[in-house]
Amino acid sequence: MARRKLVYEGKAKILYEGPEPGTLVQYFKDDATAFNAEKKATIEGKGVLNNRLSEFFMTGLNNIGVPTHFIKRINMREQLIRSVEIVPLEVIVRNFAAGSMAKRLGMEEGTQLPRPIIEFSYKDDKLGDPLVPEEYIIAFGWASQQDLDDIVALALRVNDYLSGVMYGVGIKLVDFKIEVGRIWENEYMRLIVADEISPDSCRLWDLESGRKLDKDVFRRDLGSLTDAYTEVARRLGVLPSNGPAPMGKPKLIN
Ligand SMILES: Nc1ncnc2c1ncn2[C@@H]1O[C@H](COP(=O)(O)OP(=O)(O)OP(=O)(O)O)[C@@H](O)[C@H]1O
Ligand SMILES: [Mg+2]
């Protein structure tokens, strides 16, 4: 079989050319990075878990009419996605203060916000993905005002869905980040959810104990990242709930 053409290799994923025009294969690596890649590690099983979890969330979103790039999972580490033109923004939705917001405003982590707050950072690794006001986004042409209105509406729908799903399994959705991309259908452009939705891109706290079940476990050295992600997957029914997987590695249904 001919080797697939590599389109892009990032920190956590690799994109390959897909089987049909307008598609890509997204491969989930085991690599973890934090603090703009200053901290790095390989965490066995992370890619498998994130592939499965992103499939779970994106499928749920597609099914309730929130458009995403997800088409289907191919195997343990790969999924078929629609190729989009990525809007160069990280769209961050916050329900409770944490991370950079808590730091910037001197707020205690976990403080409930009066309403979901959306912020944008400009995707540029060299600059460390700086926070940018809407005015920059429009002035520099990264997105139009209409695009931004659509992106905010999309992000709030994702927030309601994800908050509800998580709450149902005893997890608080503190905040998360999505990426959005453009697709063209005839002459019409649509914005859809792209990249991934996984514990790498969310803050997830156990409702009762406050235990962190997301990438902060890696950022702050709070224990096993695989255990935390496995716990999220198990609660959502993505992994079997009876006992630990053999060899401590994730075991997938079907
Ligand atoms: N449907 C899609 N079509 C095209 N590109 C996509 C799609 N979904 C995600 N991407 C892009 O693919 C890359 C995924 O790789 P990864 O997340 O490892 O990148 P990264 O190291 O975080 O770098 P970046 O700063 O570019 O996000 C990202 O650049 C992301 O913006
Ligand atoms: Mg990324």
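A: Axes here are lines fitted to C-alpha atoms, for helices over the stretch in contact, and angles run from 0 to 180 degrees between N-to-C directions. Helices (H or I, at least four residues) and strands (E, at least two) are DSSP runs, numbered from the N terminus. The model is predicted, with local features needing pLDDT of at least 70 and side-chain atom pairs counting only at pLDDT 80 or more, whereas totals for chains, interfaces and linings use all residues. Residues are numbered from 1 along each chain as its sequence is written, and chains are lettered from A and ligands numbered from 1 in the order in which they are written.

Helix 1 and helix 4 (residues 145-168) pack at an angle of about 120°, their axes lying 11 Å apart. That angle makes helix 1 oblique to helix 4, given that angles under 35 degrees count as roughly parallel, over 145 as roughly antiparallel, 65 to 115 as roughly perpendicular and the rest as oblique. Phe 57, Gly 60 and Leu 61 of helix 1 meet Val 158, Tyr 161, Leu 162 and Val 165 of helix 4, where residues are in contact if their C-beta atoms, placed from the backbone, lie within 7 Å. By class, this contact holds 6 nonpolar residues, 1 polar and no charged; Ala, Val, Leu, Ile, Met, Phe, Trp, Tyr, Cys and Pro count as nonpolar, Asp, Glu, Lys and Arg as charged, and the others, Gly among them, as polar.

Helix 1 also packs against helix 6, at an angle of about 25° and with the axes 10 Å apart. This makes helix 1 roughly parallel to helix 6. On the side of helix 1, the contact is made by Lys 46, Leu 49, Arg 52 and Leu 53, while helix 6 contributes Leu 225, Thr 226, Tyr 229, Thr 230, Val 232 and Ala 233. The contact of helix 1 with helix 6 has 6 nonpolar, 2 polar and 2 charged residues.

Turning to the domains, the assignment, which is automatic or from a database, gives domain 1 (6-84 + 224-248) and domain 2 (85-206). Their C-alpha centres lie 18 Å apart, and the contact takes 21 residues from domain 1 and 26 residues from domain 2. Helix 1 (46-63) and helix 6 (225-235) each supply at least two residues of the side of domain 1 that touches domain 2, and helix 1 gives the largest share of that side, 7 residues. That side of domain 1 divides into 13 nonpolar, 6 polar and 2 charged residues.

Key
Contact = placed C-beta atoms within 7 Å.
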